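Dear colleague,

Please find below the structure that I am handing over to you. My notes on what was found in it follow directly after.

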Amino acid sequence: MKLILQDIWEVFTAELRRVFSNRMTLLVFFVATVIYPLAFCAIYNTEYMHNLPVAVVDESRCEASKRFVHKLDALPEVDVHFRCNNMAEAEQLMRDHRVHAIFYLPADYGTRLADMRTARIGVFCDMSSFYYYKNAVVGGSNLLIDEMHTIELERYAMAGIDGEQASNLVQPVVYDDVKLYNPAGGFGSFFIPALLMLVLHQTLFFGITIMAGEANESRRALHLIPPRLRSRSIHRVTAGRALCFILLYIPISCFVLWLVPRWFSLPQLGSPLTLAAFLLPFILAVTFFGMTFGNFFVHEKMSGVLCGLFFSVLLFFLSGVVWPQSNMPRFWLAFSYLFPSTPGIQGFVRISSTGAALHEVRGEYLALWVQAGVYFITACQSLRFIKKYRKP
Amino acid sequence: MARIARVARREMRRVVKKPRYLILLTLGIILTFTFFATMMREGQPQRLPVAVVDMDGSYLSRRLCHEINATQGVEVVAVYDNHTAARLAMQRGEIFAFYEIPKGTYNDVLQFRSPHFGLYSNPAYLLAGTLSYKQLATMGMLAAGAVQREVLRKKGYNEEQIMGLIMPVEFDTHLVGNPWASYQVYLMTTLVPAVIAFIALLQTLYLMGREWEERTVRSLMKKAGGNAFVALAGKLLPYTVHFTLLLLVAELIMFGPMHFPMAGNWPLMMLACLLLVPAAQCAGVFIAGCIQDPPLATGIGAVYGALCFSLSGFSFPIEAMPNVFNGLSWLYPIRHFYRTYCDVAIFGNGLEHCWPHICALLGFGVLGMVGAAMFARHYRQWERRPA
């Protein structure tokens with residue numbers, strides 16, 4: 001037993017030395033993990049888009065239409081930049097990207113309302129970004145409901161129903177809208193937690209593949225294994241190396257997942273203990289996954305980065321924070337669980353953004369342990385493969 | 001010209017000798033395309049899982065469940081009898097929103113006491129949370145309308161009068177450029193070209209780095225007659241053609257068989273496609289020229305490139321970001337591609353609208369030349385250094 005620990009210790013220290021003597025790994029582990037989170041937080045720190053520029057075409061010019069335009073202008077989501085005389089004018093503004101939505105109140109708006117018929121408001125929305133659509137349509141709908149209630153009350157009054165009876169009739173059921181998590185619906189609060197976890201995943205993965213590539217390139221493939229242990233258990237080597245990355249990623253995770261969210265006021269509802277318990281299998285799984293991949297497939301130090309970096313985009317969408325897992329085709333759902341990023345991101349988002357306890361993320365937690373176990377075995381096999389086929 | 005062809009032939013021989021990376025990158029692009037094309041086939045997520053906390057257990061609450069299930073957007077996957085169970089389900093990620101119907105609701109409705117429903121949603125998953133909230137809120141509006149209609153009928157109003165009373169105003173919404181509000185159209189039109197441009201950028205850095213590391217720069221320059229522009233143009237040309245072809249095929253599939261909306265004229269869109277890959281490669285040449293240490297150049301390229309998805313501004317609009325990013329976004333070819341796409345495909349605008357962005361894409365050529373000049377200088381220094 002003592003010998004096992006001694007071996008692990010030896011591999012561990014050798015690996016640490018290797019990490020700190022390599023400029024590339026230092027860049028990936030200590031510079032990339034600082035730059036990416038800070039850059040993304042700076043980009044998305046505003047969280048929302050206020051005052052989307054819109055144009056209004058009011059051909060009706062009645063009291064009701066003017067009230068609508070006033071209320072529209074007062075919305076936080078949109079700002080009436082232009083009041084146009086006709087649709088052609090407004091359309092030209094939209095083509096010039098000076099407005100992103102047009103509200104069109106037709107000439108019969110006032111007469112229809114006076115006739116107690118349903119009046120229509122045309123909304124034309126620029127779909128080049130979903131954010132324009134969200135602001136115009138969501139903001140507009142809230143206003144529409146408010147306006148409907150106002151007009152309904154007027155009409156009921158004309159029909160001889162007023163007071164409490166009328167307001168009860170207008171709202172026979174009242175909806176209390178509660179956004180339980182990310183209450184303001186901010187883009188950053190949704191996007192960045194997932195991204196931070198992806199940064200951890202990708203930097204650790206690339207760091208390990210760079211080391212594997214370099215070992216292979218310098219024709220010292222076996223330098224991943226200390227000379228004394230070459231004839232001994234590969235499990236000890238794998239475990240010793242993993243220990244090194246766990247130690248490295250304790251301060252890095254603290255910075256990325258705890259300090260950065262704190263600085264940028266991102267949601268942080270989960271308890272640090274839960275998070276720590278959740279991160280352990282995550283880091284193990286990524287480490288062993290990286291080792292497996294690196295030893296089998298990576299022959300040059302930069303090839304992992306070259307072929308793997310664009311994959312971050314896929315990993316992000318595979319994780320199911322954007323397109324929900326409930327709506328993913330089965331094949332892609334199964335495929336997504338090949339990567340530790342999927343359960344990692346799902347679990348982290350729920351722990352930090354919704355305050356879930358370990359019990360609520362048990363599916364993901366279990367998946368991470370299973371991945372860690374399976375990839376540990378494959379990582380050992382990959383070392384055996386190196387020993388067999390890549391003689392120095 | 002002949003020298004460029006000579007260098008290009010040399011590069012092709014290099015690829016044939018070691019085709020691994022080009023094949024992997026091509027497969028990566030195909031995978032990305034297939035992934036987005038198959039995963040988001042629905043356009044907008046349908047039948048999102050939601051729940052109902054039914055403490056009332058009345059005819060009304062059960063009917064609401066049925067009616068929610070009858071819509072396309074959401075599906076009631078569970079009915080709970082207390083709030084905590086629903087909240088935990090939300091934390092487990094099983095549901096994205098739920099209705100809470102308190103005890104005595106039906107009685108209150110019958111007696112005109114305006115009972116309160118809770119509508120809880122989880123925008124921590126922005127798309128799913130917002131969509132399921134929107135669906136449930138619409139259902140709530142309709143349910144309220146149904147109650148009003150019942151009452152008004154009993155008061156003796158006819159159907160037309162009732163409609164005028166309960167629906168005095170309505171929106172007639174037109175979504176310009178993406179009439180189905182399809183998430184797929186919105187993502188793929190920018191993300192797929194962005195991935196291709198990103199790969200072209202990284203590969204340029206990698207290729208230039210390899211020439212130094214394998215010490216083959218001299219043979220490259222010799223083939224090019226000592227001209228760095230010719231050397232780099234010839235070296236990158238085969239990849240320019242390869243990635244541009246992939247991009248064109250992707251665009252043809254998207255706007256062809258996949259029926260993505262295209263309001264404007266094709267040639268302009270094609271022009272943007274033809275310029276995107278060379279622009280990304282020129283950015284790569286510039287970085288590699290400025291930073292003569294290949295791994296560091298790759299690292300810088302990776303940081304610069306990874307921000308391209310954000311700074312193209314297709315998801316979160318640039319104008320909502322801090323001002324500095326507005327300027328930075330001009331440094332990204334994909335930003336100009338996205339703007340050209342918006343002009344051409346969404347609004348059907350012509351060159352008179354998108355010329356600044358086409359010019360900007362052409363402007364990356366200048367960056368490339370500066371990069372090549374730096375490369376030449378570095379090469380001369382390297383030649384002169386004592387062996």
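A:Phe316 and A:Phe317 are both buried in this predicted model. Over all chains, the structure holds 61 aromatic pairs. These two phenylalanines form one of them, an edge-to-face pair with 5.8 Å from centre to centre and 85° between the planes.

A second aromatic pair is found in chain B. The ring centres of B:Tyr304 and B:Tyr332 are 4.6 Å apart and the planes lie at 15°, so this pair is stacked. It links distant parts of the chain, 28 residues apart: B:Tyr304 is in helix 12 (residues 294-306) of chain B, while B:Tyr332 is in the loop between helix 14 (323-328) and helix 15 (333-346) of chain B. B:Tyr304 counts as buried because its relative accessibility is 18%, under the limit of 20%. B:Tyr332 is buried as well, with a relative accessible area of 5%.

Charged groups also sit over aromatic rings. The charged end of A:Lys179 is placed over the ring of B:Tyr133, at 3.7 Å from the ring centre. Within chain B, B:Arg20 lies over the face of B:Tyr21, 5.6 Å from the centre of the ring.

Turning to salt bridges, the structure holds 32 of them over all chains. In one of them A:Arg236 is joined to A:Asp7, with the closest N and O atoms 2.5 Å apart. This pair links distant parts of the chain, since A:Arg236 is in helix 9 (residues 234-263) of chain A and A:Asp7 is in helix 1 of chain A, 229 residues apart. Both partners count as buried: A:Arg236 has 18% relative accessibility, and A:Asp7 has 0%.

A:Glu147 and A:Lys71 meet through their side chains in another salt bridge, at 2.9 Å from N to O. Here too distant parts of the chain are linked, with A:Glu147 in helix 6 (residues 130-158) of chain A and A:Lys71 in helix 3 (residues 63-74) of chain A, 76 residues apart. A:Glu147 is buried, at a relative accessible area of 0%, whereas A:Lys71 is partly exposed, at 22%.

In chain B, the side chains of B:Lys235 and B:Glu211 form a salt bridge of 2.7 Å, N to O. B:Lys235 belongs to helix 10 (residues 228-255) of chain B and B:Glu211 to helix 8 (residues 183-213) of chain B, so the pair ties together parts that are 24 residues apart in sequence. B:Lys235 counts as buried at 1% relative accessibility, and B:Glu211 is buried with a relative accessible area of 2%. Both residues belong to a network of salt bridges, whose members include A:Glu300, B:Arg10, B:Glu11 and B:Arg210.

On the surface, A:Phe20, A:Phe30, A:Val31 and A:Ile35 form a nonpolar patch with about 310 Å² of accessible area together. Helix 2 (residues 23-44) of chain A gives the most to this patch, with three residues. A:Phe20 is found in helix 1 (residues 2-21) of chain A and counts as partly exposed, at 46% relative accessibility.

Lastly, the domains. Chain A is divided into domain 1 (2-45 + 186-389) and domain 2 (52-170), whose C-alpha centres lie 51 Å apart. For chain B, the assignment gives domain 1 (2-40 + 180-384) and domain 2 (48-166), with 49 Å between the centres, taken over C-alpha atoms.

Yours sincerely

Definitions and conventions
Residues are numbered from 1 along each chain as its sequence is written. Chains are lettered from A and ligands numbered from 1 in the order in which they are written. This is a predicted model: local features need pLDDT of at least 70, side-chain atom pairs count only at pLDDT 80 or more; totals for chains, interfaces and linings use all residues. Side-chain values use heavy atoms; hydrogens and water are left out. Patches are made of residues with over 30% relative accessible area and no salt bridge: like charges are joined within 9 Å, nonpolar side chains (Val, Leu, Ile, Met, Phe, Trp, Tyr) within 5 Å. Accessible areas come from the Shrake-Rupley method with a 1.4 Å probe; for residues, only the protein chains shown count as cover. A salt bridge is a side-chain nitrogen of Lys or Arg within 4 Å of a carboxyl oxygen of Asp or Glu. Helices (H or I, at least four residues) and strands (E, at least two) are DSSP runs, numbered from the N terminus. Buried means under 20% relative accessible area, exposed over 50%, partly exposed in between (1.4 Å probe, protein chains only). Rings of Phe, Tyr and Trp (its six-membered ring) pair if their centres lie within 6.5 Å; planes under 30 degrees apart count as stacked, over 60 as edge-to-face and the rest as tilted. A charge sits over a ring if NZ of Lys or CZ of Arg is within 6 Å of the ring centre and within 35 degrees of the ring normal. Domain bounds come from an automatic or database domain assignment.
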